[in-house]
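Subject: Structure handover and notes

Dear colleague,

Here is the structure we spoke about, handed over together with my notes. Please read the notes with the model open beside them.

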Amino acid sequence: MSTNGQDLGGARAAEDVLVAASIPALEEACARAGFRVAVDADMFALRRYLQACGAYDNPSFDPNEHDLSRDAFWLRAEDASGRIVASHAERVYDCRDFVQEIVETDRVWFDKGVSLETSTWRTAVSHPPVTISGKAAFAGGMFVQPDQRGSGLALYLPYLSRSLCLRDHGTQWHTGLVRENIARTRVATEYYGFPRTTHLFFGTIPRTTGDFKDLHLCWMDRAEAVQRLRELPSHARYPVAVPGA
């Protein structure tokens, strides 16, 4: 007869096997779609790619604003000619309260002594119904070239980077920020894989212009991330055959 601790240990081991199996499965899905995916720790290269595409120059992954020498990486998807056609980045925080320590202090955007008068650019931050604590991954830097949209990369890259965080960093939470125009669609849930989004604040995101916008937090815990991997083989549009799922 097994003890409860043994049962839990066995379940965690099975989850770890599933996470490990999902990585080559997602890489193979990218390959079948015609792309090679590489893990890159050069965050300056990510910034150059986003700037060259005219995409949002996300300060969250800017090495000029953060120490990204550890626990940060990005995925670059290349087509057959070697052209980068998509990106997706992650960084891992170890915190007691992600929203309070990382978002409300503006550290999620600027972390090298840059102080913003938050009252001038955003409203007060609304907290989600849970405290995101421990190792929390933060995703962003997603940009797919217009001629490659609809290829599945908007699903494959977020899932792949999440599995890498689970395997290599033991992440307990996964987060991201999306604007209202994304939050009110199915992109965050059906493609990025988050089970929910919650309103965070009204404000103009740093390095953007325009009227105040509605920003939302995407979040899930480890159990939900693993469950999403189990569901990948039955995804309505981009199923991925993950062994053990």
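The side chains of S161 and E90 make a polar contact of 2.7 Å, a polar contact being a pair of N or O atoms within 3.5 Å, where within protein one atom must be able to donate a hydrogen and the other to accept it, and where residues adjacent in sequence count only if both atoms are side-chain atoms. This is a predicted model, in which local features need pLDDT of at least 70 and side-chain atom pairs count only at pLDDT 80 or more, while totals for chains, interfaces and linings use all residues. Residues are numbered from 1 along each chain as its sequence is written, and side-chain values use heavy atoms, with hydrogens and water left out.

S161 is found in helix α4, helices here being DSSP runs of H or I with at least four residues and strands DSSP runs of E with at least two, numbered from the N terminus. S161 counts as buried because its relative accessibility is 0%; buried means under 20% relative accessible area, exposed over 50%, and partly exposed in between, with a 1.4 Å probe and protein chains only. Apart from its neighbours within four places in sequence, S161 is in contact with F73, L75, H88 and E90, where contact means heavy atoms within 4.5 Å.

Seven strands form an open, mixed sheet in the order β1-β2-β3-β4-β5-β7-β6, two strands being paired if DSSP finds at least two bridges between them. The edge strands, each of which pairs on one side only, are β1 (36–40) and β6 (197–203). On average, neighbouring strands of this sheet are turned by 25 degrees against each other, direction ignored; axes are lines fitted to C-alpha atoms, for helices over the stretch in contact, and angles run from 0 to 180 degrees between N-to-C directions.

Strand β2 (residues 72–78) runs antiparallel to strand β3 (residues 84–95), and seven bridges join the two. In β3, E90 is the bridge partner of F73, and S87 is the bridge partner of R76. The two strands form a hairpin with five residues between them, and G82 in the turn has a positive phi of about 90 degrees. On to β4, which is antiparallel to β3, there are nine bridges, and in β4 the bridge partner of E90 is A139. Since 10 of the 12 residues of β3 are buried, this strand is largely enclosed by the rest of the structure.

Helix α4 (residues 153–169) touches β1, β2, β3, β4, β5 (173–179) and β7 (213–221), and its direction makes about 35 degrees with that of β3. Helix α2 (residues 43–53) also packs on the sheet, touching β1, β2, β3 and β4 (134–144), and its direction makes about 135 degrees with that of β3. The buried residues of α2 are M43, A45, L46, R47, Y49 and L50, and they pack against β1, β2, β3 and β4.

Another buried serine is S22, which lies in helix α1 (residues 4–32) and has a relative accessibility of 0%. The side chains of S22 and S163 are joined by a polar contact of 2.8 Å, and S22 also touches L229 and V242, not counting residues up to four places away in sequence. S22 and L160 are 138 residues apart in sequence, yet 7.5 Å apart in space, C-alpha to C-alpha.

Finally, the cysteines. How many disulfides does the structure hold? It holds zero, a disulfide being a pair of cysteine sulfur atoms within 2.5 Å. For C30, the closest cysteine sulfur is that of C165, at 16 Å, which is too far for a bond. C95 is in no disulfide either, the nearest cysteine sulfur, again that of C165, being 13 Å away. Both cysteines count as buried, C30 at 0% relative accessibility and C95 at 6%.

With best wishes
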